[in-house]
Amino acid sequence: MLPPLLIVLAAAYGAAAGLLVPRPLYRLAVESGEPWRAECPCGHALTGPARGWLGPARCPRCETDEGGAGPAYGPGPLLPAVLTALVCAGLAAATGVRPELAVWLLLAPPAVLLAGVDRAVNRLPDVLTLPMAAAASALLGAAALLPHSAGSWPRALLGGVVLGGAYLVLFLISPRGMGLGDAKLALTLGVALGWYGWPVLFWGGFAGVLLGSLYAMALVLARKAGRGTPLAFGPFMILGAGAGLVLGALGTG
């Protein structure tokens, strides 16, 4: 039986990690070619741990200098915290006490961050996608060495190549419909899904394409988008992969 404490701890970790998402989301959510933001909306330099990338969702100097809380970065702290907590709790409930759970929990906050950046500016920055792919590969390699792991590391690496290659082909066929950043994100998602098997990789990847396509179709039917309108596909890829991971983990129980 899965200890309820594990789910609670995973949710608490997710909430704490999610509180750190708004600042990097604000800094990274810029158009291609523009430098990452280094100042708050009021013009104060962003300082703190990791050269200002980690910190509260509101500028401390705004509160001190202007006598108020100041504007929040992006969506504010609560939404990312709640989303990350729910994702981590769901992954813990499905995976249980297995080594790969630590990998999923570490990947969840940057995945939420990537979804937020893509939704804001239709961009998946290399500074996140490429390190995530490397980290997923290395961490699952370590998890495979521990007892009670439920996946295959070689298959995970092949899964990254397969899904990343599939999205690269889609990008080459239709650059307007699929970005190169989507192909780079697919490397990480393919590694994670491939860990649990080829059916999980297929259905997790297919779910992302299906959800994104249905959303695009709904926008077109509502006349809120046309064939050439750029759409953020990353959030749907991540959502589909998350569903695939949950099903894959439950299937190994």
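Predicted model: local features only at pLDDT ≥ 70, side-chain atom pairs only at ≥ 80, totals over all residues.
Residues are numbered from 1 along each chain as its sequence is written, and side-chain values use heavy atoms, without hydrogens and water.

**Overall form**
- The C-alpha trace spans about 55 × 45 × 30 Å along its principal axes.
- The chain has 11 helices and 0 strands (DSSP runs of H or I, at least four residues, and of E, at least two).
- Of the 253 residues, 43% are buried (under 20% relative accessible area, with a 1.4 Å probe and protein chains only).

**R98**
- R98 is located in the loop that lies between α5 (78–95) and α6 (100–121).
- R98 is buried but has no salt bridge (a side-chain nitrogen of Lys or Arg within 4 Å of a carboxyl oxygen of Asp or Glu).
- The nearest side chain of opposite charge to R98 is E100, 4.4 Å away.
- The R98 side chain reaches the backbone oxygen of T252 at 3.2 Å.

**Nonpolar surface patch**
- F202, W203, F206, L210 and L214 make a nonpolar surface patch of about 530 Å² (residues with over 30% relative accessible area and no salt bridge, nonpolar side chains being joined within 5 Å).
- F206 belongs to helix α10 (residues 198–221).
- F206 counts as partly exposed because its relative accessibility is 38%, partly exposed being between under 20% (buried) and over 50% (exposed).

Definitions and conventions:
Lys, Arg positive; Asp, Glu negative; His and termini not counted. Polar contact = N/O pair within 3.5 Å; in protein donor to acceptor, adjacent residues only side chain to side chain. Patch = residues over 30% accessible without salt bridge, like charges linked within 9 Å, V, L, I, M, F, W, Y side chains within 5 Å. Areas by Shrake-Rupley, 256 points an atom, 1.4 Å probe, with all protein chains shown as cover.
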